[in-house]
Amino acid sequence: MFSFCFGIKGWENGATILEMKHKDSCSGKILDWNKKLKKHLIMDDFQLRSLQSRMKSIISGRNIDDSVDAPIPLTSGIRLQTLNYIVTVELGGRKMTVIVDTGSDLSWVQCQPCKRCYNQQDPVFNPSTSPSYRTVLCSSPTCQSLQSATGNLGVCGSNPPSCNYVVNYGDGSYTRGELGTEHLDLGNSTAVNNFIFGCGRNNQGLFGGASGLVGLGRSSLSLISQTSAMFGGVFSYCLPITETEASGSLVMGGNSSVYKNTTPISYTRMIPNPQLPFYFLNLTGITVGSVAVQAPSFGKDGMMIDSGTVITRLPPSIYQALKDEFVKQFSGFPSAPAFMILDTCFNLSGYQEVEIPNIKMHFEGNAELNVDVTGVFYFVKTDASQVCLAIASLSYENEVGIIGNYQQKNQRVIYDTKGSMLGFAAEACTFD
């Protein structure tokens, strides 16, 4: 059991570390907390639908028309009004704050001249002023690889015959432009030459004030694939809580000496799926407190792990079993109304301290994700009069489950794409 009091608020050893923050870390005073959280969960539901739609489209074969290890500062993106975590990199010598997403492959930023762009915090990238920018031609093999990275084929532009791309997301967000190559700097002289990215001329949607997105997926166009010769296809992150100034790190490379984990790393294999360039794991069980939840769906279908989805979604049979056991152990506290997708809620405003049952996810190979106390409850009301279990149910049993970033906080999550392994360890996500 966790004892929880309400109000709880580079370069190192040959590794490049980027500071990583949650988007809400610099938001300051929240004038309408309930409205803000409702918007967050609506957008998170859109993210889930986007992933489910993309997976179905890829499977069906349809286009979706719609040498040094490296740690990098990774932070919350709340100040940029985006749901995800952000890092700052340099593209063509210009600083760019971009969303980090393991569920995406193509990295992109907004570019001038922009036909239609949303408001971003940093200046919009202007390729015409960069001597290192090059246009990717539509006849190149790189252009042909767009199908696996985005679900859409590359289209030939004119003067010059550029490779035009389209990425449509399930929430109606999109980016459109042409592929280019540029010098990418991850900090501390960690340079990636001829980095392939999308130069977005027409971009709209729920990207907040970020300059764009960096894709950490598995296709050939992702940052991980493009830097595999430098970092061996290994990266990891530690996602911080959403408090102001809280920050974690994105580590490019497999130098474990830069980790600050407080428990040993436990590894599980990634479930191979040639059709879907995502990260899948075999969830074999869940314990609440010391009780193993019983459900027939464990170990049957792969669960996706994603840094861009907030709330974990479980198949209905697993979620119901988890909910029943959690409510049983968390008895004696008054219930509260459901909030959006969260249907297990409590009124804890009259309590100074409560004991919260520990939730642990078990994976093939005896790997464990011990959910941090900050990832168990979602505070809808700041006075704790509406506090909800931060896990939700999928609509249907045959949908793909997703482990969201809310349950990954204060964990070192290691992706070894070449070894096809993923590791978990507890770590207080702070960046010094």
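## An aromatic cluster to start from

Phe326, Phe330, Phe333, Phe346, Tyr351 and Phe377 come together as one aromatic cluster. Here, rings of Phe, Tyr and Trp (its six-membered ring) count as a pair if their centres lie within 6.5 Å; planes under 30 degrees apart are called stacked, over 60 edge-to-face, and the rest tilted. By this rule the count comes to 20 aromatic pairs.

Tryptophan 108 is buried, at 1% relative accessibility, and phenylalanine 207 is buried at 5%. Buried means under 20% relative accessible area, exposed means over 50%, and partly exposed is in between (1.4 Å probe, protein chains only).

## How to read this model

This is a predicted model, in which local features need pLDDT of at least 70 and side-chain atom pairs count only at pLDDT 80 or more, while totals for chains, interfaces and linings use all residues. Residues are numbered from 1 along each chain as its sequence is written, and side-chain values use heavy atoms, with hydrogens and water left out.

Helices (H or I, at least four residues) and strands (E, at least two) are DSSP runs, numbered from the N terminus. Helix H6 covers residues 316-329, which makes 14 residues. From its first C-alpha to its last, H6 reaches 20 Å, close to the 20 Å expected at 1.5 Å a residue; that expected span is 1.5 Å times one less than the number of residues.

Which residues of H6 are buried? They are Ile318, Tyr319, Ala321, Leu322, Lys323, Glu325 and Phe326. An α-helix has 3.6 residues a turn, so residues three or four places apart point the same way.

Phenylalanine 326 also forms an edge-to-face pair with phenylalanine 377, at 5.8 Å centre to centre and 85 degrees between the planes.

## Disulfides

A disulfide is a covalent bond between the sulfur atoms of two cysteines. In this model a pair of cysteine sulfur atoms within 2.5 Å is counted as one, and the structure holds 6 disulfides. With bonded cysteines counted along the chain, the pattern is 1-8, 2-3, 4-6, 5-7, 9-12, 10-11.

Cysteine 345 and cysteine 388 form a disulfide with sulfur atoms 2.1 Å apart. This pair links distant parts of the chain, 43 residues apart: cysteine 345 is in strand S22 and cysteine 388 in strand S27 (residues 387-389). The torsion about their S-S bond is about 100 degrees, so the disulfide is right-handed. Cysteine 345 is buried at 4% relative accessible area, and cysteine 388 is buried at 0%.

Cysteine 114 and cysteine 117 form another disulfide, with their sulfur atoms 1.4 Å apart. Their link is right-handed, with 40 degrees about the S-S bond. Cysteine 114 is partly exposed at 29%, as is cysteine 117 at 25%.

## Backbone details

The peptide bond from glutamine 112 to proline 113 is cis, with omega near -10 degrees. Proline 113 sits in the loop between strand S6 (108-110) and strand S7 (134-135).

Asparagine 194, in strand S11 (residues 191-204), has phi near 55 degrees, a positive value in a residue other than glycine. Is asparagine 194 buried or exposed? At 55% relative accessibility, asparagine 194 is exposed.

Serine 236 belongs to strand S13 (residues 234-238) and is buried, with a relative accessible area of 0%. Its side chain makes a polar contact with the side chain of arginine 412 at 3.1 Å. A polar contact is a pair of N or O atoms within 3.5 Å; within protein, one must be able to donate a hydrogen and the other to accept it, and residues adjacent in sequence count only if both atoms are side-chain atoms.

Lysine 409 lies over the face of tyrosine 406, at 3.7 Å from the ring centre, and arginine 176 lies over the face of tyrosine 174, at 4.3 Å. A charge sits over a ring if NZ of Lys or CZ of Arg is within 6 Å of the ring centre and within 35 degrees of the ring normal.
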